[in-house]
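Please keep the sequence and the structure in view while reading.

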Amino acid sequence: MSNLNGAYYGPSIPPPEKKTRAYNRPSRGGGGCNPFSWCFSCICGCIFNLIFQILITILVLLGIAVLVFWLIFRPNAPKFHVNEATLTQFTLSPDNNTLYYNLAVNMTFRNPNKRIGIYYDRIEANAEYHDKRFDTEYLDTFYLGHKKERNVGTVFSGEQIVVLGNGDKSKYDQESRDAVYNIDLKLKLKMRLKVGWAKPKFKPKFECDLRVPLTTGGRVGSSGFQRTKCDFDW
């Protein structure tokens with residue numbers, strides 16, 4: 001049968017099979033709308049919208065409350081002055097960087113508010129020289145009523161190692177010649193405001209830049225001490 005030149009009388013040869021492409025019919029649920037997914041998205045959107053509206057309402061109410069509080073009480077920051085500062089010793093030893101000092105300070109706390117009282121629960125007074133603290137005193141606590149003021153005195157006395165840089169050492173030498181020293185008084189406070197039944201707490205600060213003349217032999221520097229208003233920081 002290798003050479004067939006005539007007609008072929010055998011069984012019929014079936015035609016070659018055609019390759020058919022697989023066709024996947026989309027399921028009914030694949031591309032349609034899932035009612036459960038739609039309901040979940042709708043509920044989430046409603047919840048987020050409700051939360052957003054609640055937050056906006058709270059912020060508006062807080063703003064109104066602050067405005068009403070300010071209109072009723074008109075709060076003002078406490079006032080603080082250093083009335084007098086007496087410096088009888090301020091010597092920095094060149095051998096061991098020890099500062100020997102004696103500084104007496106008289107201060108006035110004033111409450112300018114008509115409807116707000118102030119509790120001074122803690123008063124920490126720090127004496128510094130060119131950002132170097134050399135002494136700390138704790139003052140007696142007290143309550144300051146409406147439109148009231150109170151005088152408070154304290155003394156910084158002793159010795160403390162104070163290491164100054166070259167620039168600050170030059171300033172100390174110049175201030176020693178002038179017999180007037182730039183000393184910072186910084187107060188750290190714990191206070192409560194008495195506003196009706198409420199007593200909110202705060203931790204503000206007072207900062208005072210003082211120019212204190214040295215008193216020697218009963219004589220004060222030519223300029224004398226000038227009453228100084230201190231900065232208040234909430």
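This is a predicted model: local features need pLDDT of at least 70, side-chain atom pairs count only at pLDDT 80 or more; totals for chains, interfaces and linings use all residues.

Q: In strand 6, which residue is the bridge partner of tyrosine 100?

A: Strands are DSSP runs (E, at least two residues), numbered from the N terminus, and two strands pair if DSSP finds at least two bridges between them. Here, tyrosine 100 has glutamate 159 of strand 6 as its bridge partner.

Q: What is the order of the strands in the open sheet of four strands?

A: The order is 6-2-1-10, with antiparallel pairing. Strand 6 (149–161) and strand 10 (228–229) stand at the edges with a single partner strand each, so one side of each has no neighbour in the sheet.

Q: How many residues lie between strand 3 and strand 4 in their hairpin?

A: Two residues lie between them, and histidine 130 in the turn has a positive phi of about 50°. Seven bridges join strand 3 (residues 117–129) to strand 4 (residues 132–139), and these strands run antiparallel. Glutamate 124, for instance, has tyrosine 138 in strand 4 as its bridge partner.

Q: How is the disulfide to be read, and which cysteines does it join?

A: A disulfide is a covalent bond between the sulfur atoms of two cysteines; the criterion used is a pair of cysteine sulfur atoms within 2.5 Å. The structure holds one disulfide, which joins cysteine 208 to cysteine 230 with an S to S distance of 2.0 Å. The pair links distant parts of the chain, 22 residues apart: cysteine 208 is in strand 9 (residues 205–213), and cysteine 230 is in the loop between strand 10 and strand 11 (231–233). The torsion about their S-S bond is about 110°, so the disulfide is right-handed.

Q: Are cysteine 208 and cysteine 230 buried or exposed?

A: Buried means under 20% relative accessible area, exposed over 50%, and partly exposed in between (1.4 Å probe, protein chains only). Both cysteine 208 and cysteine 230 are buried, whereas cysteine 46 is partly exposed, with a relative accessible area of 48%.

How values were computed:
Residues are numbered from 1 along each chain as its sequence is written. Side-chain values use heavy atoms; hydrogens and water are left out.
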